[in-house]
Structures are given as C-alpha cells and as structure tokens.
Protein chains: 4
Amino acid sequence: MIAEFSIVPIGQGEELSGPVAEVLDIVDRSGLPYRLTAMGTIVEGEWDDVLALIKECHRTMRRHAGRVLTRIAIDDRDKARDRIRGKVEAVEKALGRELSK
Amino acid sequence: MIAEFSIVPIGQGEELSGPVAEVLDIVDRSGLPYRLTAMGTIVEGEWDDVLALIKECHRTMRRHAGRVLTRIAIDDRDKARDRIRGKVEAVEKALGRELSK
Amino acid sequence: MIAEFSIVPIGQGEELSGPVAEVLDIVDRSGLPYRLTAMGTIVEGEWDDVLALIKECHRTMRRHAGRVLTRIAIDDRDKARDRIRGKVEAVEKALGRELSK
Amino acid sequence: MIAEFSIVPIGQGEELSGPVAEVLDIVDRSGLPYRLTAMGTIVEGEWDDVLALIKECHRTMRRHAGRVLTRIAIDDRDKARDRIRGKVEAVEKALGRELSK
C-alpha cells in the first residue's frame, strides 16, 4: 500500500522546516521507498511497517510540541507495487503526455 | 489522543452503508469511546489501541473490495482526556452558547 | 452535498478554542445546516454556498495568524438531502441498533 | 497558497486513471503551477483561482459518477510564493542533503 502523511506541531511558530527535517531523517533511514512533496510525505510498504514509521515520526514531533496533528491517507490496492512512480505514469499514459512533476 | 477515520471501498457501488455497518460493529465492540458522524468515526484512546482498531476495520473492508482508501486524522495533546465531548463543549463555552450537535 | 472542514492557525499556541469559536459564529449565522464535532465542522448545502462559507472562515482565521492550514472533505451524491443526520441513521439501520452519537 | 486535492468517484470500478486523466487535463490547461503526485494534485495560486479549478474538476468527475468524494488540503502562508518546489527545498536545506523526489 502507499500512504501520505503530514505531522503538524501546534503552537511552535510558523516555520516548521526544522522539526520536519528531523522527521524526514527518520523516514530516510527507514529503508522504505518514499517521496517528499510540498504537502506531505508519501511512503510505500506493508501496513505494519508504514504505521510503525509514522508512529515514530509522530512521537518525535510530540517531544517538540505539547500538541500534534497528524494526517494519514492510505491507498491499499490488491497486488499493486511500485506505485509512488507508477500511479503518476498511469495517468500520463491515459492522458497521452508527460505532466510536470 | 482522538482520531477520526473513514474507510472507502473503491468499485463497490454507491451505497456503502452495509460494509460501513460491519466496520462500525468492530468499533462498537472495541470498548473505546467513539462517535459516528456523517463523515467518519471519531475514536479516543492510546496510539496502539486506536491504530490496531483502524487496522482491523481496514482489513475487514479489504476483504470486500480490491482497493480501499482510508483516511486518518489524529489530534494528540498532552494530558487531554474525554475530548470527543470536551472539545465541542470548550468551543461552546468560548462562544457563550450551545451549538447544534 | 455535505462537507467537513477544519481550520488550524499555525504558531498561535495550543489552545485554539477562542478563534475556533469566532469561526463557529460565522457558520452559525450562515443559515446552512451544520454540526460541530471534536475534529471539525460538518455543513450541508450547494457547492457555492458551502465554499463561500469556508472561504469566510479561512479568511477570518488568517487575520489571527500568518499561516493557516485548512482541510475540506466533500461527499457529493446525486439527489441526496438531509445527510448530516441521514448518513448516521442509514448505518444504524443496516447495523440494526442505535450507536453512540 | 498551495492546495492538494484528490477526487474519487464511488462505484466506478477500481481503475481510476481514465477519469483522473480527464481531470488532469483541466488542471494542465488552467495555467496554474501544479504537480501530480501518487496521492493527489498540488496546485498553487490565489483562493478564488484554486477553488474555481477544483470545482471544475469535481463537476467533471460528477458527470461520470453519481457520487464523488473530494479532499482538499490548503496551506496558506503570508507572502509565501513558489512553494511547490520551495517547501521541499527548505526541508532539504534544514536536513543538509537532497531527498528522493
């Protein structure tokens, strides 16, 4: 399955790129395929591996902030693999041209 | 913490209340405080209990559908308890009157 | 259609119930059917009315904060009316009993 | 502001890349900066332009399906521009290295 998640500390100022970088370092070291976007992090793997990673990221942010909002969107499809790139390519194929990425 | 989740099977027709009821039965038997809304289910508990429940609900829906989209929103605040009712009451208190619920 | 939305100011402290109450007052005066939950506000109406309301709420919060995160989830179904209560009742009917609300 | 959105038709089969491509064509012709990801489409612009675009995409999908679920996440920050690339680069800078994109 693939999952996109975002983790927002409340009451910590507007600039979030510091704690976000700490969380990304955890994602990077997890070994799971991932992609950082302007609105979240997309990761691919089995349920238990993905949710264990998100839990560690969430807990890390909670050490910096008394309140944390975490959003997770999961797309779980039978026999689907390599979908972080594959879903975008499927749309490009249906559209007949490449899109900005 | 409190979490709202929704689980949508893809390609199973417009009427989702049957499988949604099966999932709600799992929530109801979990023993965790919860509330069903028109847009999802809100549940309160520790991370591991809440995520184990959502995993069971997601897996149940996956037996009905080859593709499932699950959304989770978590609000995790230090020392906060009984927030399914309490957050609404805090807003009503700040507003100075009761709201439709 | 029905829509759930949440509006979070960034960098304004943990306690959000003050600005949230100001936004709820706007919702209350809009005349659209709505329900406040622990995780957001559910409102029912046509696209233009619902999105004009959310825009006004978002703009109000932006006057309090230099950065605002707003989430909107829309469920738009042909010929469906009175769904804030109706969707919950449909699940209860399929389940054969009432649920905590 | 930047916004990520996803539009899911209910009851139309598992394979969504056809209607998704039609919607992407609308985004592509809008002239707004955008990026397609595995979990949605990120677009940058003023509130009215972005929401008018999402409305057109939503309406297009509704012609294909009797029920449509649309999710929108907005990040609106004072004086922020060119953030589809910029937010990712800010995290990379804080982390001290490039990330997979």
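1. What rotation, with what shift along its axis, superposes chain D on chain A? In this predicted model, the answer is a rotation of 180° with 0.0 Å of shift along the axis, and the RMSD of the superposition is 0.0 Å. This is the relation of a two-fold axis. Both copies use the same surface for their contact, since 100% of the contact residues of chain D recur in chain A. To find the rotation axis on the chain itself, look for Thr37(D), which of the residues of chain D comes closest to that axis, with its C-alpha at 3.9 Å.

2. The contact between chains D and A can then be followed element by element. Chain D contributes 31 residues to it, and chain A contributes 31 residues. On the side of chain D that touches chain A, the elements giving two or more residues are strand S1 (2-9), H1, strand S2 (34-37), S4 and helix H3 (83-95) of chain D. The largest share of that side, eight residues, comes from H3(D).

3. A second contact joins chain C and chain D, where 17 residues of chain C are in contact with 17 residues of chain D. As one example to look for, Arg77(C) stands opposite Arg67(D) in S4(D).

4. Strands of a sheet pair through backbone hydrogen bonds, either parallel or antiparallel. Here eight strands form an open sheet with antiparallel pairing, in the order S2(A)-S3(A)-S1(A)-S4(A)-S4(B)-S1(B)-S3(B)-S2(B). Strand S2 (34-37) of chain A and strand S2 (34-37) of chain B stand at the edges, and each has a single partner strand, so one side of each is left without a neighbour in the sheet. On average, neighbouring strands of this sheet are turned by 15° against each other, direction ignored.

5. Within chain B, strand S1 (residues 2-9) and strand S3 (residues 40-44) run antiparallel and are joined by four bridges; in this stretch Ala3(B) stands opposite Val43(B) in S3(B). In chain A, helix H1 (residues 17-30) packs on the sheet, where it touches strand S1 (2-9), S2 and strand S3 (40-44) of chain A, and its direction makes about 5° with that of S3(A).

6. Finally, how do two helices of chain D meet, and at what angle do their axes cross? The axes of helix H1 (residues 17-29) and helix H2 (residues 47-64) of chain D come within 10 Å and cross at roughly 155°. H1(D) and H2(D) are therefore roughly antiparallel to each other, and H1(D) passes H2(D) in a right-handed crossing. Among the residues that meet are Val23(D) and Ile26(D) in H1(D), and Leu53(D) and Met61(D) in H2(D). The residues of this contact of H1(D) with H2(D) divide into seven nonpolar, two polar and two charged.

Conventions:
Residues numbered from 1 in each chain as written. Chains lettered and ligands numbered in written order. Predicted model: local features only at pLDDT ≥ 70, side-chain atom pairs only at ≥ 80, totals over all residues. Pairing = 2+ DSSP bridges. Axes fitted to C-alpha atoms, helices over the stretch in contact; angles between N-to-C directions. Contact = placed C-beta atoms within 7 Å. Least-squares fit on C-alpha atoms with pLDDT ≥ 70 in both. Parallel < 35°, antiparallel > 145°, perpendicular 65-115°, else oblique. Left-handed = near helix turned anticlockwise from the far one by under 90°. Nonpolar A, V, L, I, M, F, W, Y, C, P; charged D, E, K, R; others polar.
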